[in-house]
Amino acid sequence: MKALLLQLTGIAGYELRLQWRRRGLVVLIAGLVLMLALGTLFFSRASQRYSFYAEGAPRPAMNQSTMSGSWAAAWLILALFLPILAAETLPLDRQYGVRELFDSLPAHPGIALAGRVLGVWAGVLAGLGGVALADALTGRLAHGPLDLGRYALLWAGSLVPLALYLSGASLLLAAPLPGRRAAALAGVLVGIFSFYGRATVLSMDITLTPSRALWPPIYLDQLGRLLSSILEADYRAQVAALGIQTQYFGPTPWENLQPLPVICALGPLQLLVPWLVAWLWLRWKETR
Amino acid sequence: MIPPWVSALAWRTSFKLVGWWPTALSGLAIALGLAFAADSPELLPRVVEVIVPLAFGAQAAFVLAPDSEPPLELLLASPRPVPWALWERLLVLAGLQGSVALVASVVTLSMAPDYGLAQVIARWLAPSAFLGGVAILAAQVTRQGVFGALLATLLWASMLFGGDALLSRWPSLWPLHLFLQPGATAPALYAANRASLLAAGLGMVALAPRLLADEERALDISRAAERR
């Protein structure tokens, strides 16, 4: 067990260092920090909530990112950037000529694959942690005190699962592809599939039918809606306590959403499919 | 009689390296898009306009990205200048995606005869040139095709979903809107928008081979020396 764990952490550490050296994570972090900071400082002025605050009313303890609309920009960057970045992880081994080296390691191919996914996830989580801190600091300076509990909940429940899902699914689906170009194009497709689904089709209907549950973006959509609804309910309660009328109508009330356990189970289940594809491919390659 | 410079071109190899399947994929996506939009004439010209620029941009990033080209050192040592290879592959890519887009434009016109051919072509040609230019230049600057593809995809999505909002807030940014609609603005402004995108795209495409021609840069020798 200890040897297994050592193999897993060793491979994950190698992948994390590789991701960092390829500069992709740095660009992702810089892009997110810039987009969230710009959203906080400039775009929030266009928000209905911002004009409500500008009338001189006391500001409820509300997360600045939700009201500024910069969350959508972060979603855009993550959905389109991360799948392309993660997709080339395994095909890159063939270009660098280290595929055979990996195959000759004493670690089982399944462990090696899990280690690579964990390495990418560790890099993504570390990057997002830095972005969250920078965003919280900008929000604190621009809009005053934040409700840090709600803020952490928003990250943990929306952008973090999105990032983990997209990077994992993209890496695993691109595993059998022959080169970087094919992998990057597959990443583009995964990104557009997720982003377009979230941006258009799912916005019209939130009913979770069995056939729609198979569609990966629905998990992310449901989770995002659940969290924003909790925040919205919180916001409405605070506004009501202040006795102020507001014209802003937020997301769907959380009572209309699907049960939380179903939502939470869907994401990992949907990630199992690409994992199975990649694992079967590795097995097939091993027996050739 | 074939001129000697024609025989020096490596079209067959370029075609092999560019590959046919991404073009087939974009053709399939356009066919599906046109089938879904058949009942909405206002959506028909948008199908080619949306799919072709993304397909061209994402593919252009990888035509000759230094980091994704293992035999680059060999290419640099050969008597044929490396930028030739870049131009050849780019022209093959433009020919493939352009053919699909042209056929799709004619099909679009047969389904919705109210639009002119020039307008349907202008819809996809200008953003394709711009995104292709951005992708290929970013790939040469960073030496990695993946960054070119990332930038092109990000620009494509942000302009598709936020281009109109951008213009409503900052109207002076009209030359940057990739998906400006002909009916949404004055004809002269629309023509200027298409011309500016085309010029910027071609300018970036022209700049990329110059970066590639710098051998030390292409092989990352100066950075490697700095690291030592």
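This is a predicted model: local features need pLDDT of at least 70, side-chain atom pairs count only at pLDDT 80 or more; totals for chains, interfaces and linings use all residues.
Residues are numbered from 1 along each chain as its sequence is written, and chains are lettered from A and ligands numbered from 1 in the order in which they are written.

The model scores ipTM 0.71 and pTM 0.77. Confidence in chain B is lowest in helix α1 (residues 4-7), with a mean of 62, and highest in α7(B), with 94.

Chain A contains 13 helices and 0 strands. Here helices (H or I, at least four residues) and strands (E, at least two) are DSSP runs, numbered from the N terminus. Of the 288 residues of chain A, 41% are buried. Contacts are pairs of residues whose C-beta atoms, placed from the backbone, lie within 7 Å. Among the contacts in chain A with a separation of 6 or more, 82% are between residues 24 or more positions apart.

Helix α1 of chain A covers residues 2-21. The expected span of a helix is 1.5 Å times one less than its number of residues. For the 20 residues of this helix that gives 28 Å, and the end C-alpha atoms are 28 Å apart, which agrees. The buried residues of α1(A) include I11(A), A12(A), E15(A), L16(A) and Q19(A). They cover an arc of only 140 degrees around the axis, so they lie on the same side of α1(A); the arc is that of the directions from the helix axis to the C-beta atoms. An α-helix has 3.6 residues a turn, so residues three or four places apart point the same way. After α1(A) comes R23(A), which has a positive phi near 70 degrees.

Chain B has 11 helices and 0 strands. Its C-alpha atoms fill a box of roughly 55 × 50 × 30 Å along the principal axes. The radius of gyration, taken over C-alpha atoms, can be set against a globule rule of 2.2 Å times the number of residues to the power 0.38. A compact globule of 228 residues would have a value near 17 Å, and chain B has 19 Å, which agrees. In chain B, 42% of the 228 residues are buried. Of its contacts between residues at least 6 apart in sequence, 71% join residues at least 24 apart.

Helix α7 of chain B comprises the 26 residues 117-142. Because 21 of the 26 residues are buried, α7(B) is largely enclosed by the rest of the structure. R143(B) lies in the loop between α7 and α8 of chain B. Although R143(B) is not a glycine, its phi is positive, at about 70 degrees. R143(B) is buried, with 20 other C-beta atoms within 10 Å.

D67(B) is located in the loop between α4 (44-60) and α5 (72-77) of chain B. Apart from neighbours within four places in sequence, D67(B) is in contact with R143(B) and Q144(B). D67(B) is partly exposed, with 19 C-beta neighbours inside 10 Å. T108(B), in helix α6 (residues 82-111) of chain B, is buried, with 25 C-beta neighbours inside 10 Å. Not counting residues up to four places away in sequence, T108(B) touches L34(B), L44(B), P45(B), V48(B) and V120(B).

Between the chains, 16 residues of chain B are in contact with 18 residues of chain A. Helix α8 (residues 145-169) of chain B supplies the largest share of the chain B side, 11 residues. By type, the chain B side divides into 11 nonpolar, 4 polar and 1 charged. Ala, Val, Leu, Ile, Met, Phe, Trp, Tyr, Cys and Pro count as nonpolar, Asp, Glu, Lys and Arg as charged, and the others, Gly among them, as polar.

How values were computed: Two residues are in contact if their C-beta atoms, placed from the backbone, lie within 7 Å. A residue is buried if 20 or more other C-beta atoms lie within 10 Å of its own, exposed if 12 or fewer, and partly exposed in between; C-beta atoms are placed from the backbone. pLDDT is the predictor's confidence in each residue, from 0 to 100.
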